[in-house]
Amino acid sequence: MKLQQEYIGDFFAPFVKESPVKIGMKHLESIPLPNGCIFVIGSVELIVMQDDIINSLGQLDLSSYMGVGISGLNTYYGLNMLDSFPYVQENEIPEFE
């Protein structure tokens, strides 16, 4: 796949150098599920991202760097922003169509 590894600080596991978003997790617990899968629980220990994928509101813009999302084990999607809504205040609930 021609991916390069990159180590950041003293974090044990390598990251994909070409990735604009890098998230380092610490394993906390693994729980066997009735369907034979394992539910893994971890804590976020490190987040590194490029400055140019942060929008003017300080939010991560997932569509700006041609990222992908996954559903299940083998289905991938392109990420596009559809809309942004204001934060909901108790007295200001927006109308949705």
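## A guided tour

Glutamine 5 counts as exposed, because its relative accessibility is 53%. Please keep in mind as you read that this is a predicted model.

**Starting point: glutamine 5**

- You will find glutamine 5 in strand β1.
- Setting aside neighbours within four places in sequence, glutamine 5 is in contact with Pro14, Phe15 and Lys17.
- From glutamine 5 to isoleucine 41 the distance is 24 Å, C-alpha to C-alpha, and the two are 36 residues apart in sequence.

**Lysine 22 and the salt bridge**

- How many salt bridges does a search of the whole structure find? The search finds one.
- Its partners are lysine 22 and glutamate 6, whose closest N and O atoms are 3.5 Å apart.
- Lysine 22 belongs to strand β3 and glutamate 6 to strand β1 (residues 5-6), so the pair ties together parts that are 16 residues apart in sequence.
- Is lysine 22 buried or exposed? Lysine 22 counts as buried, because its relative accessibility is 8%, and the cut-off for buried is under 20%.
- Glutamate 6, on the other hand, is partly exposed, because its relative accessible area is 26%.
- The side chain of lysine 22 also has a polar atom 3.4 Å from the backbone oxygen of lysine 17.
- Leaving out neighbours within four places in sequence, the contacts of lysine 22 include Glu6, Ile8, Phe15, Val16 and Lys17. Leu46, Ile47 and Val48 are also among them.

- Strand β3 covers residues 21-32, and β4 covers residues 38-49.
- β3 and β4 run antiparallel and are joined by eleven bridges.
- To see one of these pairings, look for proline 32, whose bridge partner in β4 is isoleucine 38.
- Together β3 and β4 make a hairpin, with five residues between them. Glycine 36, in the turn, has a positive phi of about 95°.
- β5 covers residues 68-71, and it pairs with strand β6 (residues 75-78) in the antiparallel sense over four bridges.
- Which residue of β6 stands opposite glycine 69? That residue is tyrosine 77.
- β5 and β6 form a hairpin too, with three residues between them. In this turn glycine 72 has a positive phi of about 75°.

- Which residues make up the nonpolar surface patch of about 650 Å²? They are Ile23, Met25, Val44, Ile47, Met49, Ile54, Leu60 and Leu62.
- β3 and β4 each supply at least two residues of this patch.
- β4 gives the most, with three residues.
- Isoleucine 54, one of the patch members, lies in the loop between β4 and β5.
- Isoleucine 54 is partly exposed, because its relative accessible area is 31%.

**In the loop between β4 and β5**

- Isoleucine 53 also lies in the loop between β4 and β5.
- Is isoleucine 53 buried or exposed? Isoleucine 53 is buried, because its relative accessible area is 2%.
- With neighbours within four places in sequence left out, isoleucine 53 is in contact with Pro20, Val21, Gln59, Leu60, Asp61, Ser64 and Tyr65.
- Isoleucine 53 and aspartate 83 are 30 residues apart along the chain, and their C-alpha atoms are separated by 17 Å.
- Tyrosine 65 is another residue in the loop between β4 and β5.
- Tyrosine 65 counts as partly exposed, because its relative accessibility is 23%.
- Apart from neighbours within four places in sequence, tyrosine 65 is in contact with Pro20, Val21 and Ile53.
- Tyrosine 65 and glutamate 18 are 11 Å apart in space, C-alpha to C-alpha, and 47 residues apart in sequence.

Terms used. Residues are numbered from 1 along each chain as its sequence is written. This is a predicted model: local features need pLDDT of at least 70, side-chain atom pairs count only at pLDDT 80 or more; totals for chains, interfaces and linings use all residues. Side-chain values use heavy atoms; hydrogens and water are left out. Buried means under 20% relative accessible area, exposed over 50%, partly exposed in between (1.4 Å probe, protein chains only). A polar contact is a pair of N or O atoms within 3.5 Å; within protein, one must be able to donate a hydrogen and the other to accept it, and residues adjacent in sequence count only if both atoms are side-chain atoms. Contact means heavy atoms within 4.5 Å. Patches are made of residues with over 30% relative accessible area and no salt bridge: like charges are joined within 9 Å, nonpolar side chains (Val, Leu, Ile, Met, Phe, Trp, Tyr) within 5 Å. Accessible areas come from the Shrake-Rupley method with a 1.4 Å probe; for residues, only the protein chains shown count as cover. A salt bridge is a side-chain nitrogen of Lys or Arg within 4 Å of a carboxyl oxygen of Asp or Glu. Two strands pair if DSSP finds at least two bridges between them.
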